[in-house]
Amino acid sequence: MIRLNDITSRILSYHPAADTNLIEKAYVYSAKVHKGQVRLSGEPYLSHPLEVAGILANMKMDEVTIVSGLLHDTVEDTLAELKDIEYLFGKEVATIVDGVTKISKIHFLSKEEQQAENIRKMILAMSTDIRVILVKLADRLHNMQTLGFQPSEKQEVIAGETLDIYAPLAGRMGIHWLKSNLEDLSLFYLEPKIYGDIRLGIAQRQEGQAKFIKEIKEILAKRLDEAGIKATIKGRNKHFFSIYRKMMEQDLHIDQVYDILAFRIIVNAVKECYEVLGLIHSMWKPVAGRFKDYISLPKANMYQSLQTSVIAPLGERMEIQIRTWDMDRIAEEGIAAHWRYKEGYESGKKMSGQYPWMKQLLEWQKNLTDPKDFLETVRLDLFSGEVYVFTPKGDVKELPIGATPVDFAYSIHSEVGNRCIGAKVNERIVPLSYQLKNGDIVRITTSKNHKPSKDWLNFVKTSTARTRIRQWIKQEEREESIAIGRNILEKELRKINLALSSQLKGEKILDVAHKFSLNSVDDLLANIGYGKLSPKQVLNRLVPPLDIKEDRPEGLIQKIVQRIKRKKADTGIRVKGMSDMLIRFGKCCHPLPGEPVIGFITRGRGVTIHAKNCRHIRDVDQDRLVEVEWERTEDVNYLARLRVTNISKKGMLANISAILTQSEANIVDADIQTTVDKKGISTFTIEISDYNQLKDIISKIKKIKEVLKVERI
């Protein structure tokens with residue numbers, strides 16, 4: 001167990017003016033409140049806060065952070081209260097201790113909800129003082145180092161959370177050594193067999209690798225000396241987790257992974273970094289696509305370095321990093337080094353405002369109320385790699401690997417994302433699902449009338465894009481439900497000779513909303529539209545003297561059918577036995593005039609029209625199905641989508657287009673692709689008048705000799 005004297009000596013070595021009396025006072029207080037407590041290892045509990053303080057001292061933190069490390073579990077695990085911490089050690093220490101203290105006095109419905117709320121609290125505290133997360137990461141590192149004393153099921157849960165949240169968070173903060181340690185420890189508990197294989201594989205190569213590292217260092221040192229460049233050269237095995245990730249990505253066994261060595265060259269000036277890069281590429285052949293210039297384009301966590309992979313003398317790949325001493329320090333220590341050396345200790349309380357990813361985390365903890373959505377968003381954002389792309393004006397955007405033009409659009413502004421209809425990359429039109437690459441110049445085309453598509457959720461990578469699309473969809477569904485609810489309530493009021501417009505002007509309907517624990521009239525109308533409230537429930541509160549009885553849900557359909565007379569609907573659909581009904585068309589099957597259709601009554605949302613062969617109505621309540629038929633309509637067009645698969649041959653597109661034109665079908669959109677086996681796949685969105693016209697078009701296209709298949713989507 002580390003001793004207090006070791007910690008204070010370490011602090012004084014880099015911060016001679018540190019208040020060691022405050023540190024000793026925190027040690028005594030922690031020992032007092034934790035007295036009698038033991039860890040699962042059998043050691044006194046005090047060993048844990050001492051080790052956390054020791055890790056923070058290794059990170060060269062100030063005395064406030066060290067004191068917070070000694071006290072970080074006092075409020076959570078002892079009878080100590082936060083006000084006592086503030087009185088004895090000051091407001092800064094109390095803020096940090098509160099930030100790392102889990103929420104334990106509130107009952108949560110699930111472990112996921114509890115985890116989400118604890119992370120929310122940590123992020124909120126981190127936005128006030130960055131040292132909160134530094135203490136939390138030190139705490140998590142020591143807990144992972146002693147995880148072997150926990151039951152196996154708990155080991156997996158804690159290791160999984162570490163890999164999902166804390167290791168990526170250390171990476172975002174640029175503390176590379178801490179990220180690597182957390183990843184390797186997590187791998188040990190989550191994939192013990194693979195971890196053992198990697199360890200054995202490296203051990204078996206150790207003797208040869210040690211000799212190889214020595215030879216490469218000597219070659220590099222000689223060449224750099226000849227060029228007059230003073231440098232320090234380091235060689236090492238890559239971390240276990242980075243080797244594991246390569247094995248998973250490329251489906252390799254440890255024996256098949258050859259590029260497990262990495263070299264680092266540290267020089268005195270930025271100019272020398274590029275000189276060294278040129279020398280290396282003249283000595284060994286660089287691997288295409290493996291060069292990255294993080295000096296010109298630093299990562300969000302301030303990491304700077306030149307990275308390249310080359311073919312070594314024996315034909316093996318090796319990775320080489322080139323950086324200055326300042327870059328090396330920040331690459332290892334991250335944000336902690338930056339605020340400590342550049343701005344002074346006081347800046348740690350305001351660091352969060354300088355980093356967009358911290359602002360984004362803070363925004364999500366405010367806006368994402370669902371625990372599952374929040375955790376998914378945080379995991380996606382923290383764990384992603386990065387790709388650097390440019391706006392047409394030359395501004396750099398950092399996005400996760402696999403990001404698309406839609407992600408790029410939302411990174412500019414939510415309205416640009418919402419109105420995005422197309423994109424050009426390097427002046428070439430690309431699909432919105434195109435995966436951006438380093439150096440791409442992206443131009444977004446927008447339209448005021450365009451709206452986000454649910455399909456975008458299938459390919460966007462950034463949490464910002466995913467969140468904005470979901471918010472828009474929810475808002476759109478809400479607005480639609482408000483309109484439906486208004487329609488339904490208006491019809492019910494009309495039956496008792498009341499106008500909805502006059503009711504909305506008074507405060508009575510707002511009082512009704514409040515009685516249902518809703519905040520506004522729009523909330524009330526939306527709940528009617530969603531089917532959560534029936535209009536009769538609202539009318540009973542709005543017009544009590546009428547004593548309108550609530551229909552039993554199971555008898556609602558039958559009563560409507562018996563009561564309402566037939567009337568032509570302005571949608572081109574007639575519901576047999578009903579009139580004045582709200583009609584909606586199923587988005588799953590898009591029925592066309594003339595096609596056999598069926599109606600499904602949803603309580604509070606009218607009748608939804610489906611094609612009779614639609615799979616979504618096969619297993620529904622048969623009592624809710626009603627017979628419907630098409631009315632004759634004039635000058636009304638409907639959209640249909642066709643997919644044509646054919647043998648790729650010159651003139652095929654012209655032949656298909658000619659049939660569509662002759663059949664008086666207007667082509668709205670077309671997507672033409674050719675597969676590797678020389679097949680053409682064409683997807684057309686066309687405007688037609690009815691189902692018979694569509695059948696005729698399909699029949700004619702099938703008669704083309706080279707056509708293999710025609711299907712309606």
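Predicted model: local features only at pLDDT ≥ 70, side-chain atom pairs only at ≥ 80, totals over all residues.
Visitor: What makes β1 and β2 a pair?

Guide: Two strands pair if there are at least two bridges between them. β1 and β2 (residues 261-267) have six, in the antiparallel sense, so they count as paired. Within this pairing, lysine 234 sits opposite arginine 264 of β2.

Visitor: And why are β1 and β3 called edge strands?

Guide: The open sheet runs β1-β2-β5-β4-β3, with mixed pairing. β1 (232-237) and β3 (292-293) have a single partner strand each, so one side of each lacks a neighbour in the sheet. Helix α14 (residues 270-283) packs on this sheet, touching β2, β3, β4 and β5, and its direction makes about 160° with that of β5.

Visitor: How do you know that β8 and β9 are paired?

Guide: The cut-off is at least two bridges. Three bridges join β8 (residues 420-425) to β9, so the pair qualifies. Lysine 424 faces isoleucine 429 in β9. The sheet order is β9-β8-β10, all antiparallel, and helix α19 (residues 405-412) lies across these strands at about 80° to β10.

Visitor: What makes a set of residues a nonpolar core here?

Guide: Members are buried nonpolar residues joined through side-chain atoms within 4.5 Å. The largest such core has 53 residues, and Ile66, Leu71, Phe89 and Leu182 touch the most other members. Helix α9 (residues 131-145) gives the largest share, eight residues. A second, separate core holds 28 residues, including Ala640 and Val707.

Visitor: What does phenylalanine 89 contact, leaving aside its neighbours within four places in sequence?

Guide: Its contacts are Leu22, Lys25, Ala26, Tyr29, Val67 and Leu71.

Notes:
Residues numbered from 1 in each chain as written. Heavy atoms only, no water. Helix = DSSP H or I, 4+ residues; strand = E, 2+ residues; numbered from the N terminus. Contact = heavy atoms within 4.5 Å. Axes fitted to C-alpha atoms, helices over the stretch in contact; angles between N-to-C directions. Buried < 20%, exposed > 50% of the residue type's maximum accessible area, 1.4 Å probe, protein only.
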